[in-house]
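These are my notes on a predicted model. I set out to look up side-chain packing and the surroundings of the ligand.

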Amino acid sequence: MTAAPDTAPRAARSLTLRNLHKTYTARGREPFAAVRGIDLAVEPGEMVALLGPSGCGKTTTLRMIAGLETVTSGEVLIGDRAVTDLPPGRRDVGVGFEGYALYPPLSVRENLAYGLRARRARDVGPRVAAIAERLEITDLLDLRPAGLSSGQKQRVALARALVRNPPVLLLDEPLSHLDAGQRQRVRRELKVLQREFGYTTIVVTHDQLEALSLADRMAVMDGGVIRQFGTPDEVFDDPADRFVADFVGEPSINLVGGTVADGGGAVRIGGAGTLPTASRARAGTRVQVGLRPQDCELVGRGSARPALSATVGVFEYLMEFGLATVDLAGQDPPEAGGGGPGRFVVQTPGGASLDPGAPVLIGARPEHVHLFDPGTGERLR
Ligand SMILES: Nc1ncnc2c1ncn2[C@@H]1O[C@H](COP(=O)(O)OP(=O)(O)O)[C@@H](O)[C@H]1O
Ligand SMILES: [Mg+2]
C-alpha cells in the first residue's frame, strides 16, 4: 500500500452528496428511513454546518460520508471520485466522532502520533506538540484515554482528527462536552486551523450559535431531509419555511395568526393592527405571520406607518440590547407564564428601556414580515 505524502496543506477537495438515503432495517422492526434524499455540494475548503434537532439524521449522514455506515441509495463523491463503496480508510477523510476509538492502551501522545506514523509523515513529534498546544491538551499527552474527562476526550479526539490535516474533515458535535469558556476558545481555534489548512469540513451540531460562528454555509435538517442550505444570513433573513424560521434565531421568531389585507402587501393581525409584507399572497388568505425580535421596530405615536399595538409586559436589559416581551392588543391572552398567540418578543437597541405597562407600536420592514401556510408551514412568497 502506498501512503499519500503527508505535507500540509493539501489541495482541498469538494464533497458532493447525491440523493443520499439511509433506511435502517432490523429484524422484527419496521424499517426506519433516517435519511430521505440528501443533496449537498460543499466547495473545496468550505466549512458547512449540519444543523437540526436531535434525531433528524445528522450523525447518520456524516457516518455515510465517512464510510462507517452503508448507504441505502445515492452517492458520495470526494473531489470527482465516487467513494460510496470504499471502506473508511480509503476515503481520505478525518473523523472526529463522539466515542470514536481512541486506543486505550496508548497514551494521548501515541494516539495522536498513530495516524501520522501510519502515513509515514515527517515531523511527527513537533506536529503532535503543536496541535496539542492549540487544543489545550499539552498536559494530557502522557495520560491514557481512560483517565480523561469527557471534555478532555473530546479535545483529544478533535486533535487526532486535525493532526494529519485531512483534505476532508467530518466532525460530530465536536464541542458538546466542553464548558462554556473552553468551547469558545476551541471553537475559535478550530475555525483558525480550518482556514489555515483549508480542509473541506462538515461539522454536525444542534447548537445554532456553533453553526453560525463556524460555518460558511449551513444546512438545516429536519426529518431526514435538508430544509434549507445557505449562508447564515440567508437562512436567518430568508427562511425557506416555518420550521427553519423557528429553529434558527435566538430568541425565536414571533409567530402569530393573520389575514392578508385587501389589496395585498400588508397583513392584518386581529385587533392589533397591520404590518407591511413583501409577500404577494392573495388578499383574504389566512396565514401565520413570522417576525423576528431583531426585526421589530418601535414606531412613534402619530406615525403613519402600519404597526401593531401592544403593551409591554416585562423588559430585560442585556447590555448591548434589551428584550421586551409585549402583549399584542386584541389577541387571545397568552397562556400563563409561556409564550402565547398574542405575545411578541421585541429586541430594542442598547440604551433604550421600556417600562412594564407602557403602550408601544411595533412596525417592521416589509421584507422582514414572513408569511407561512398555517397548516403546512410552507413559506408564502
Ligand atoms: N443503527 C440504527 N438503527 C436504527 N435506527 C437508528 C440507528 N441509528 C440511528 N437511528 C435512528 O435514526 C434517526 C436519526 O438518527 P441520527 O442520525 O443519530 O440523528 P441525529 O444525529 O440528528 O440526532 C433517529 O430516529 C435514530 O433513532
Ligand atoms: Mg447525532
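Entry 1. I looked up Leu 162 and listed its partners beyond the neighbours within four places in sequence: Leu 162 is in contact with Ile 131, Leu 135, Leu 169, Leu 190, Leu 193 and Tyr 199.

Entry 2. I then turned to the largest nonpolar core, which has 41 residues. Leu 162 is among those with the most contacts inside this core, together with Leu 112, Val 128, Ile 131, Val 156, Leu 158 and Met 218. I noted which elements supply at least two residues each: strands E3 (47-51), E7 (168-172) and E9 (217-222), and helices H2 (108-118), H3 (124-134), H4 (150-162), H5 (180-197) and H6 (208-214). H4 gives the largest share of the core, five residues.

Entry 3. Which residues are around ligand 1? I found Tyr 24, Phe 32, Ala 34 and the run Pro 53, Ser 54, Gly 55, Cys 56, Gly 57, Lys 58, Thr 59 and Thr 60. I sorted this shell into five nonpolar residues, five polar and one charged. Strand E2 (32-42) and helix H1 (58-66) each supply at least two residues of the shell, and the largest share, three residues, comes from H1.

Entry 4. I checked distances from oxygen atoms of ligand 1. A polar backbone atom of Gly 55 is 2.6 Å from a ligand oxygen, and for a polar backbone atom of Gly 57 the distance is 3.0 Å. With Thr 59, a polar side-chain atom lies 2.8 Å from an oxygen atom of the ligand. Ligand 1 on its own has 570 Å² of accessible area, of which the protein covers 61%.

Definitions and conventions. Residues are numbered from 1 along each chain as its sequence is written. Chains are lettered from A and ligands numbered from 1 in the order in which they are written. This is a predicted model: local features need pLDDT of at least 70, side-chain atom pairs count only at pLDDT 80 or more; totals for chains, interfaces and linings use all residues. Side-chain values use heavy atoms; hydrogens and water are left out. A nonpolar core is a set of buried Ala, Val, Leu, Ile, Met, Phe, Trp, Tyr and Cys residues joined through side-chain atoms within 4.5 Å. Buried means under 20% relative accessible area, exposed over 50%, partly exposed in between (1.4 Å probe, protein chains only). Helices (H or I, at least four residues) and strands (E, at least two) are DSSP runs, numbered from the N terminus. Contact means heavy atoms within 4.5 Å. A residue is near a molecule or strand if one of its heavy atoms lies within 4 Å of it. A polar contact is a pair of N or O atoms within 3.5 Å; within protein, one must be able to donate a hydrogen and the other to accept it, and residues adjacent in sequence count only if both atoms are side-chain atoms. Accessible areas come from the Shrake-Rupley method with a 1.4 Å probe; for residues, only the protein chains shown count as cover. Ala, Val, Leu, Ile, Met, Phe, Trp, Tyr, Cys and Pro count as nonpolar, Asp, Glu, Lys and Arg as charged, and the others, Gly among them, as polar.
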